[in-house]
Amino acid sequence: MASAPTPPAYPDDPSCAPATPGGAEALHKVWTSCLKNADVESLRRSIAENLKFRLGVAPISASPRDVWMAVAYTVRDLMVEARFKSTTTGYRDKKWVGYLSMEFLIGRLLVTNLHNLGLVDAVNEALSPLCMTAESLGELEPEAGLGNGGLGRLAACFLDSMATMDIPAIGYGVRYEHGMFRQEIIHGEQVERLDNWMRFPSPWQIVQPDKSVRVEFFGKVVPGSGPEGGYHPKWVDTRSVVGVPHDILVAGFGGRTINILRLWAARATSDLDLDLFNAGDYVGAASEKARYESITKILYPNDASERGRELRLMQEAFFVTCSVADTLRRFHDVDTDLRRLPRRVALQMNDTHPALAVAELMRALLDQHGVGWETAFDLVKGTLGYTNHTLLPEALERWPVPMFDRVLPRHMEIIRELDRRLDAITLQSDPEDAPTRAAMSIIDDSPIPHVRMANLAVWGSHATNGVSRLHSDLIKERLFPGFAKLHPERFTNATNGVTPRLWILKANPALAALLDSAVGPEWVTNLGLVESLRTRAEEASLHAEIAAVKETAKRSACNFIYTETGIALDPSMTFDVHVKRFHEYKRQLMVALGALVRWRRMKNGRATPPHATLFAGKAAPGYARAKLIIRFACRVADMMNADRATSGTMKTIFLPNYNVATAERVIPAADLSEQVSTAGCEASGTGNMKFAMNGALTVGTMDGANIEIFERAGSDHMFVFGLDAEAVEAHRRHRTRGADVLRTHPEIQDVLDFTASSTFDPTGAFAPLRDAILGPDMWCVLADLPAWLEAQDRAEAHKKNRAAWCGSMIHNIAAGAGFSSDRTIATYAREIWQLGER
């Protein structure tokens with residue numbers, strides 16, 4: 001095969017990341033060249049026509065929702081026109097990227113697209129006769145239920161960056177009909193409700209039925225041979241489902257490149273069994289349709305049952321099969337020689353959910369295209385890359401071999417052969433090291449053998465990357481040491497990043513305006529320019545401006561929080577924010593206990609500045625312990641907020657149904673960012689980056705990307721606490737009990753006693769939480785709580801010095817220069833995807 005193309009010269013320094021040349025003037029030229037027909041009058045005319053001809057509504061009687069739909073269709077039409085040029089100059093002339101992710105947390109798209117196309121002002125002027133704005137209409141948009149947390153939001157940021165950087169790309173995902181769930185808090189407990197986000201037609205989705213893919217399940221494999229001999233089995237007696245693609249256009253900033261997010265919806269091959277229907281079995285007649293279309297009903301079906309686990313495996317196989325088939329179809333549109341596949345396409349697996357792509361691409365090459373085994377595996381490795389996002393064993397998917405054999409018998413056959421050949425290589429490499437060979441095997445040796453999807457992904461890829469420097473080191477040292485020893489050149493790091501187009505330009509317009517003035521509008525595509533603020537961190541005039549920006553964001557957040565919860569906050573309070581999905585290692589429990597300690601200190605007469613602790617996030621439906629922590633946090637909030645003596649100066653709030661729209665309101669308003677994961681457990685985090693670039697100061701452990709934020713912001717501008725990763729490992733080896741902490745920290749003992757009292761816990765519901773942390777304290781909650789309290793005291797003292805605090809805000813905003821997703825994508829392009837002209 002030909003050698004890989006020369007990668008583009010993306011530099012390491014984020015301040016040199018790809019940017020639109022010429023700043024605001026050049027951006028204006030780009031917008032006007034790509035969208036030259038988008039003047040105010042034409043926009044107004046298009047909106048009216050969409051109301052009449054697409055929605056069947058007279059403009060004079062249109063509701064705000066009708067107008068939102070019409071504006072969205074107008075914007076989509078402009079993007080479709082620009083897309084045609086993107087397709088012509090992209091996929092045929094450049095290597096392109098397929099980004100495989102089970103989640104894409106894209107948020108609300110109207111205002112995001114308008115910002116990226118430079119049309120916010122024009123659309124607002126077009127809407128002025130209706131006394132509406134793009135921002136007000138955007139509030140009506142249902143948030144797409146395509147993700148749950150950081151994994152999906154990262155994928156959405158990457159799509160934004162790839163389009164902005166003119167990288168031809170397709171995001172491949174699943175069109176979940178109902179998302180994960182809509183969270184309600186009832187009597188302090190999480191209640192899961194159906195997230196019917198598609199109850200209204202989506203103007204953003206373009207269905208492409210002619211590009212549907214047939215996906216097979218079950219059946220059996222019949223051995224056979226081809227015309228020239230060799231093993232050519234047939235997969236027969238299968239049950240089929242059809243994957244129908246729905247495309248959402250993704251505009252890069254400036255509108256030059258319009259990529260797509262292709263979402264697959266499952267459709268039965270037949271709507272009805274007519275014989276059963278005519279026989280009177282009306283339910284049975286539609287049962288097959290209901291069974292197979294359930295594949296894309298809900299994000300992450302609860303896998304507590306055997307049927308739930310089977311559905312999740314089918315969901316992943318459906319998603320991967322459709323995406324691989326579409327990739328090969330696209331490749332054959334421009335090339336006929338499969339040996340050039342890795343030169344044309346880079347497929348990136350975002351975590352282990354798409355790891356089945358290794359076996360599926362092998363199956364397609366072997367069974368459908370007649371490629372030999374060795375050549376096929378070389379092509380698979382050359383095409384695929386794998387991003388690992390976790391060190392936690394439960395998140396590294398394993399599927400029982402009997403289930404795999406039943407649901408995907410041909411894939412299981414291929415995986416067995418991959419495992420056999422891998423074992424032969426490791427045996428030859430080090431015949432004496434049986435434990436390492438066992439750890440590297442794709443199929444484990446447990447009583448019921450399981451397929452290790454992470455091992456499959458590593459072995460079937462040419463590159464495996466972590467998402468922070470610490471995480472990438474731990475991947476090699478703890479997770480895949482055998483693979484790293486065998487192929488050290490395959491392991492690299494690509495620290496996560498977030499798009500400043502959403503997290504500053506859209507979410508924090510006051511800060512965006514300040515940056516325009518301070519460093520020039522080019523920061524939107526070259527966040528490295530913000531680094532220059534560091535030299536002005538002592539300027540009183542800039543302190544006043546940055547304080548005003550934060551005040552504006554906090555007042556907006558107060559209004560939002562009051563609307564959502566009925567609880568009034570004073571903007572003068574310190575906003576101390578912990579928002580992310582609930583998991584024991586993310587230690588919401590520690591922060592809730594710490595809030596109780598500080599509240600009881602206040603009740604005992606200690607002077608404390610006004611302080612509000614904000615929690616938000618969902619727990620997986622089957623994760624009972626995380627749901628109990630939500631209940632605990634809500635109980636803390638109820639106790640504190642009901643205390644008339646202290647509630648004016650100290651409150652705790654749980655914001656339900658955390659999503660991108662909520663994050664856009666809360667993150668810019670934060671004073672303190674709680675990034676308190678047990679060291680060695682958080683792969684990277686992206687919330688920490690969003691908070692920092694919006695001027696929040698981190699209270700955090702030396703974990704994930706916190707370490708890199710610390711290095712950029714400086715020790716005076718972040719409140720580090722707690723055990724590091726090595727100390728956590730020692731704590732666990734020695735099985736250090738949390739109860740040991742209480743001997744020297746009576747105020748923590750007092751709080752734990754209070755949480756066990758009938759006043760706080762009349763039913764004893766929280767006993768499992770107390771028992772877990774008083775015992776071996778797996779997540780170091782009590783081990784780190786004293787240090788967290790001390791960090792809070794340091795933050796409190798620091799905030800009393802207004803000049804010092806404003807200077808720290810500026811240093812954190814400047815540190816955010818290193819955490820743009822543009823910089824991350826430049827790393828992938830250079831080190832993993834090897835992008836460049838052929």
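What follows is a short walk through aromatic rings, cysteines and one aspartate.

This is a predicted model, so to speak of local features we need pLDDT of at least 70, and side-chain atom pairs count only at pLDDT 80 or more, while totals for chains, interfaces and linings use all residues. Residues are numbered from 1 along each chain as its sequence is written, and side-chain values use heavy atoms, with hydrogens and water left out.

Let's start with the rings. A pair of aromatic rings is described by the distance of the centres and the angle of the planes. Rings of Phe, Tyr and Trp (its six-membered ring) pair if their centres lie within 6.5 Å; planes under 30 degrees apart count as stacked, over 60 as edge-to-face and the rest as tilted. By that rule, the whole structure has 16 aromatic pairs. Here are two of them.

| Pair | Centre distance | Plane angle | Type |
|---|---|---|---|
| Phe582 and Phe654 | 5.8 Å | 45 degrees | tilted |
| Phe754 and Phe760 | 5.6 Å | 55 degrees | tilted |

Phe582 and Phe654 link distant parts of the chain, 72 residues apart. Phe582 sits in the loop between strand E19 (574-579) and helix H24 (588-603), and Phe654 is in strand E21 (residues 650-655). Helices (H or I, at least four residues) and strands (E, at least two) are DSSP runs, numbered from the N terminus.

Buried means under 20% relative accessible area, exposed over 50%, and partly exposed in between (1.4 Å probe, protein chains only).

Elsewhere, Tyr99, Phe104, Phe158, Tyr828 and Trp833 make up one aromatic cluster.

Some rings also have a charge over the face (NZ of Lys or CZ of Arg within 6 Å of the ring centre and within 35 degrees of the ring normal). Arg600 does this to Phe754, 4.5 Å from the ring centre, and Lys618 does it to Phe181, at 5.0 Å.

Now the cysteines. Cys558 is buried at 8% relative accessible area, and Cys681 is buried at 4%.

Last stop: Asp784, in helix H33 (residues 781-799). Asp784 is buried, with a relative accessible area of 1%. Leaving out residues up to four places away in sequence, Asp784 touches Arg587, Met590, Thr701, Phe721, Gly722 and Leu723, where contact means heavy atoms within 4.5 Å.
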